[in-house]
Amino acid sequence: MISGGLDSLLAARVMQEQGIHVEGINFYTGFCVEGHTHAIRQKDRKKEKRNNALWVAEQLGIKLHIIDIVEDYKQVVLNPKHGYGAHLNPCLDCKIFMVGKALSWIREKGFDFIITGEVIGQRPMSQRKQTLPVVSRESGAEDLLLRPLCAKNLSETLPEREGWVDRSKLYDFSGRSRKPQIALAERFGFKDYAQPAGGCCFLTDPQYAVKLADLWQARGSKQYEMDDIMLLKVGRHLRPASHYKLIISREEGEGNFMRGYRHQYPHLMTLSHPGPMALIDGQVNEAEIELAARLVARYSQGRDAQEVVVEFTDGDQPPRELRVKPLQPHEIPAEWMV
């Protein structure tokens, strides 16, 4: 199971060192931090654009199978049996679910066992001494799940008992320190790898979790679609009233991305001054449209002008112009900010 981080890179190489044929599997949930977020924002333009899972597979010289689980994964996010972590991260249920998916995959493809880069004590929810057996048991993988980096701290698995894997060449890493992994990476000759650990899930991000919780509360149910996942990653989110919110781009890159949604949402753009793109999520009346225009004007280069011209478009209706006075900072209550 290749996340794109250092641990799964090392776990796979430890197996290769024993002459075992390894192929990688990576599950796409939609919540990954990588890739498009770096491509969208101007401030991230200098960051290297790469899919770390693919990059790891290239370093290892193995096939990587990327599997879309966006729809199936909803049950994990919405109703985690073991609950959430510090935010909306269902880490233990997530690991159980993905190992279960990997088990089905190896049975279908004729592989013998599963390896992961898990290390005891590295993550507070899913990688504790008490929870690693839960993952093995509830996923159905049982002793077909081998964790090469901490195997010596655990009971023998089937691959070890059968002699497919030499247990003496496995490791006993534990805790949150990365020093043992970094030293092993150096021994294997790996100079470049994802930092700090590659676990790239937006659900662990406190600001993203607040936005997702706000979305669920506004809709009255814990549901989401792929477009929701994407739009929660960009822009300022302001909710002047419970039945609608504004998503206002913070820079040109976000504005360009959000234009892709202009046919799905009512939207506003400044005409008289350079300014942001804004989407309206919810039903609004005339007064609320004017308030939205004043908010958009506030975040434009016309923020100090007496009047800003804002274009409002809703569906197939012809665009119309609003001439508004930008809101002042004191007129924007803190509770509007999601």
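**Before you start**

This is a predicted model, where local features need pLDDT of at least 70 and side-chain atom pairs count only at pLDDT 80 or more, while totals for chains, interfaces and linings use all residues. Residues are numbered from 1 along each chain as its sequence is written, and side-chain values use heavy atoms, with hydrogens and water left out.

**The whole protein**

Show everything as a cartoon. The C-alpha atoms fill a box of roughly 75 × 40 × 35 Å along the principal axes. Of the 338 residues, 52% are buried (buried is under 20% relative accessible area, exposed over 50%, partly exposed in between, with a 1.4 Å probe and protein chains only). Among contacts with a separation of 6 or more, 65% join residues 24 or more positions apart; a contact means heavy atoms within 4.5 Å.

**Stop 1: Ser8**

Select Ser8, in helix H1 (residues 6–17). Its relative accessibility is 5%, so Ser8 counts as buried. The Ser8 side chain reaches the backbone oxygen of Gly5 at 3.4 Å. This is a polar contact: a pair of N or O atoms within 3.5 Å, where within protein one must be able to donate a hydrogen and the other to accept it, and residues adjacent in sequence count only if both atoms are side-chain atoms. Leaving aside neighbours within four places in sequence, Ser8 touches Met1, Ile2, Ser3 and Gly117.

**Stop 2: H4 against H5**

Now select helix H4 (residues 70–78) and helix H5 (residues 91–109), which pack at an angle of about 150° with their axes 9 Å apart. That makes H4 roughly antiparallel to H5. Angles under 35 degrees count as roughly parallel, over 145 as roughly antiparallel, 65 to 115 as roughly perpendicular and the rest as oblique. The axes are lines fitted to C-alpha atoms, for helices over the stretch in contact, and angles run from 0 to 180 degrees between N-to-C directions.

Show side chains: Asp72, Tyr73, Gln75 and Val76 in H4 meet Asp93, Cys94, Phe97, Met98 and Lys101 in H5. The residues of this contact divide into five nonpolar, one polar and three charged. Here Ala, Val, Leu, Ile, Met, Phe, Trp, Tyr, Cys and Pro count as nonpolar, Asp, Glu, Lys and Arg as charged, and the others, Gly among them, as polar.

**Stop 3: H5 against H6**

Leu92, Lys95, Ile96, Val99, Gly100 and Leu103 of H5 make the contact with Val134, Val135, Glu138 and Ser139 of H6. These residues divide into six nonpolar, two polar and two charged.

**Stop 4: two loop residues**

Move to Glu142, in the loop between helix H6 (132–139) and strand S4 (145–146). Glu142 is partly exposed, with a relative accessible area of 44%. Its phi is near 50°, a positive value in a residue other than glycine. Most residues other than glycine have a negative phi.

Finish at Gln223, in the loop between helix H9 (206–219) and helix H10 (226–231). At 43% relative accessibility, Gln223 counts as partly exposed. Beyond its neighbours within four places in sequence, Gln223 is in contact with Leu78, Leu215 and Trp216.

Note on methods:
Helices (H or I, at least four residues) and strands (E, at least two) are DSSP runs, numbered from the N terminus.
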